[in-house]
Amino acid sequence: MYEDMEETGIRRTIISFDPFLKRADVRDLSDAQVGKRYGLETGTVKAMRRHQDVPFDTIQKLCHELRCQPGDILNAIEVWEIPAKLGT
């Protein structure tokens with residue numbers, strides 16, 4: 001299965017903030033509430049939820065605030081994108 005993906009697909013790594021966003025003290029908060037609690041822009045929290053790019057200083061800020069390591073608040077997920085065939 002993976003051999004086929006390696007030939008036809010594109011491997012990407014997505015950074016997920018799910019470990020942070022699923023914390024008991026964050027889970028039920030809105031983006032604005034999370035931002036206010038941790039000093040983040042609401043747009044940054046939205047980007048975290050959507051697995052979009054987040055500034056590195058956000059990771060540093062959270063790790064400092066929570067006294068943790070990056071692996072405690074984020075993880076990397078490997079995904080394969082299979083491009084649509086042209087002309088079909």
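Predicted model: local features only at pLDDT ≥ 70, side-chain atom pairs only at ≥ 80, totals over all residues.
How many aromatic pairs does the structure hold? It holds 1.

**Stop 1: the whole chain**

Show the protein chain as a cartoon. It has 6 helices and 2 strands. Trace the elements from the N terminus: they run α-β-α-α-α-α-α-β. Now colour by burial. Of the 88 residues, 30% count as buried.

**Stop 2: the aromatic pair**

Select Phe20 and Tyr38. These two residues form the aromatic pair, and the pair is edge-to-face. A pair of aromatic rings is described by the distance of the centres and the angle of the planes. Here the values are 5.3 Å centre to centre and 75° between the planes. Angles over 60 degrees count as edge-to-face.

Where do the two rings come from? Phe20 sits in helix H2 (residues 18-21) and Tyr38 in helix H3. They are 18 residues apart, so the pair links distant parts of the chain.

Are Phe20 and Tyr38 buried or exposed? Phe20 is buried, with a relative accessible area of 0%. Tyr38 also counts as buried, at 8% relative accessibility.

**Stop 3: H3 against H4**

The crossing is right-handed.

Show side chains where the helices meet. On the H3 side, look for Asp31, Ala32, Val34 and Gly35. On the H4 side, look for Thr42, Val45, Lys46 and Arg49. By class, this contact has 3 nonpolar, 2 polar and 3 charged residues.

**Stop 4**

Next, select helix H5, residues 56-66. Which of the H5 residues are buried? They are Thr58, Ile59, Leu62, Cys63 and Leu66. Look down the helix axis. These residues cover an arc of only 130°, so they lie on the same side of H5.

What do the buried residues pack against? Their partners are H2, H3, H4 and helix H6 (70-73). Then step one place past the helix end. Arg67 follows H5, and its phi is positive, near 55°.

**Stop 5: Leu66**

Zoom in on Leu66, which lies in H5. Its relative accessible area is 19%. The cut-off for buried is under 20%, so Leu66 counts as buried.

Which residues does Leu66 touch, leaving out those up to four places away in sequence? The contacts are Phe20, Arg23, Tyr38 and Ile73. Both members of the aromatic pair, Phe20 and Tyr38, are in that list. Draw a distance from Leu66 to Tyr38: the C-alpha atoms are separated by 9.4 Å. Along the chain, these two residues are 28 residues apart.

**Stop 6: Gly71**

Finish in helix H6, where Gly71 has its place. Is Gly71 buried or exposed? Gly71 is exposed, with a relative accessible area of 60%.

Key. Residues numbered from 1 in each chain as written. Heavy atoms only, no water. Left-handed = near helix turned anticlockwise from the far one by under 90°. Helix = DSSP H or I, 4+ residues; strand = E, 2+ residues; numbered from the N terminus. Contact = heavy atoms within 4.5 Å. Nonpolar A, V, L, I, M, F, W, Y, C, P; charged D, E, K, R; others polar. Phe/Tyr/Trp six-rings, centres within 6.5 Å; stacked < 30°, edge-to-face > 60°. Buried < 20%, exposed > 50% of the residue type's maximum accessible area, 1.4 Å probe, protein only. Arc of directions from axis to C-beta.
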